[in-house]
Structure formats: structure tokens, C-alpha cells
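Please look over the sequence and the model shown here. A short report on the fold, the ligand shells and selected residues follows them.

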Amino acid sequence: MIRQSRPFFDERQIPDDLCPIATRPNPMLPGDWRNLRPVVDRAKCVKCAVCWLYCPVQCVVEKPAWFDIDLAACKGCGICAHECPHHAIRMVEEGG
Ligand code: SF4
Ligand code: SF4
């Protein structure tokens, strides 16, 4: 799993008069704060790619026989589970 540990840009290049909220990048990824995560039932998945199409952050990844989730990038919104026509995705609580 690749995690972002440094800002994408050199902070020294940022003008002093910008809002600090915009100039101090947070290295956290959605997987660090998400409270629900999608779990794909491989037996039910027919690889139709509807979850891939609807995921707003494009963290659904293709596997040889099913689609799975990049949990570092997934924010746990549940859209994939709602849209899956085969009910192959369920949302479970983190830490549960
Ligand atoms: S929408 Fe459901 S059935 Fe289709 S690829 Fe995603 S998990 Fe599999
Ligand atoms: S829960 Fe949301 S962010 Fe995560 S894979 Fe599903 S649609 Fe994408």
C-alpha cells in the first residue's frame, strides 16, 4: 500500500498571503479517517464494473475475476454498495 507522506509540492514556493488551510497539506488519506468500509463478496460479483463507474474517487480496482477496493483511497461513502446491482458489496464498520 502506497501512502502519501509528503506534500505534493514544495511549501517554500507558496506565497505568504494564502490562507493556511490551503497551504498546509494534510498527509492523511481517506482510509485513515473512514468509519465504514466496503467489502466485496467475490462469489456474488459478476464484474459488471458498475461500482467502478460510480465511485467518486476512482478507488475501485479491477482484479482477474472481480472488482475490489483500494482501501487507502476509499472514503467509505457507500455509493458502490448502493449501486451494485448484485448486492455484492456491503459496508462494515471500521474496527468491527
Ligand atoms: S457493481 Fe457489484 S457485481 Fe458489479 S463489479 Fe462491482 S461489486 Fe461486482
Ligand atoms: S465506499 Fe465510496 S469511495 Fe469507497 S469504493 Fe465505494 S464508492 Fe468508492
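The report moves from the whole chain to single residues.

**Basis and confidence**

This is a predicted model; local features need pLDDT of at least 70, side-chain atom pairs count only at pLDDT 80 or more, and totals for chains, interfaces and linings use all residues. Residues are numbered from 1 along each chain as its sequence is written, while chains are lettered from A and ligands numbered from 1 in the order in which they are written.

The pLDDT is the predictor's confidence in each residue, from 0 to 100. The protein averages 87, and 83% of the residues score at least 70. Confidence is highest in helix H3, at a mean of 98. It is lowest in helix H1 (residues 20-23), at a mean of 63. Where pLDDT is low, the predicted coordinates should not be read in detail.

**Fold**

The protein has three helices and four strands. Their order from the N terminus is α-β-α-β-β-α-β. Helices (H or I, at least four residues) and strands (E, at least two) are DSSP runs, numbered from the N terminus.

Burial is counted with C-beta atoms placed from the backbone: a residue is buried if 20 or more other C-beta atoms lie within 10 Å of its own, exposed if 12 or fewer, and partly exposed in between. Of the 96 residues in the protein, 16% are buried.

Two residues are in contact if their C-beta atoms, placed from the backbone, lie within 7 Å. Among contacts with a separation of 6 or more, 66% join residues 24 or more positions apart.

**Core**

A nonpolar core is a set of buried Ala, Val, Leu, Ile, Met, Phe, Trp, Tyr and Cys residues joined through C-beta atoms within 7 Å. The largest one has twelve residues. Cys80 is in contact with Pro38, Cys51, Tyr54, Cys55, Val60 and Ile89, leaving aside its neighbours within four places in sequence.

**Ligand shells**

A residue is near a molecule if its C-beta atom, placed from the backbone, lies within 6 Å of it.

Ligand 2 has 13 residues around it; Cys55, Cys74, Cys77, Ile79 and Cys80 come nearest. Its shell has ten nonpolar, two polar and one charged residues. For these classes, Ala, Val, Leu, Ile, Met, Phe, Trp, Tyr, Cys and Pro count as nonpolar, Asp, Glu, Lys and Arg as charged, and the others, Gly among them, as polar.

**Positive phi**

Most residues other than glycine have a negative phi. Lys47 has a positive phi of about 60°. Lys47 sits in the loop between strand E1 (36-40) and helix H2 (50-54). Lys47 is partly exposed, because 16 other C-beta atoms lie within 10 Å.

Gln58 also has a positive phi, of about 55°. Its loop runs between H2 and strand E2 (60-62). Gln58 is exposed, with 10 other C-beta atoms within 10 Å.

**Selected pairs**

The table lists C-alpha separations for residue pairs.

| Pair | Apart along the chain | C-alpha separation |
|---|---|---|
| Leu71 and Val60 | eleven residues | 8.9 Å |
| Leu53 and Cys80 | 27 residues | 8.7 Å |
| Cys48 and Pro85 | 37 residues | 8.8 Å |
| Val57 and Lys75 | 18 residues | 8.1 Å |

Leu71 lies in the loop between strand E3 (67-69) and helix H3 (79-83). Leu71 is partly exposed, with 17 other C-beta atoms within 10 Å. Beyond four places in sequence, Leu71 is in contact with Gly31 and Arg37.

Leu53 is found in helix H2. Why is Leu53 exposed? It has 11 other C-beta atoms within 10 Å.

Cys48 belongs to the loop between E1 and H2. Cys48 is partly exposed, with 13 other C-beta atoms within 10 Å.

Val57 is in the loop between H2 and E2. Val57 is exposed, with 12 other C-beta atoms within 10 Å. Not counting residues up to four places away in sequence, Val57 touches Ala73 and Lys75.
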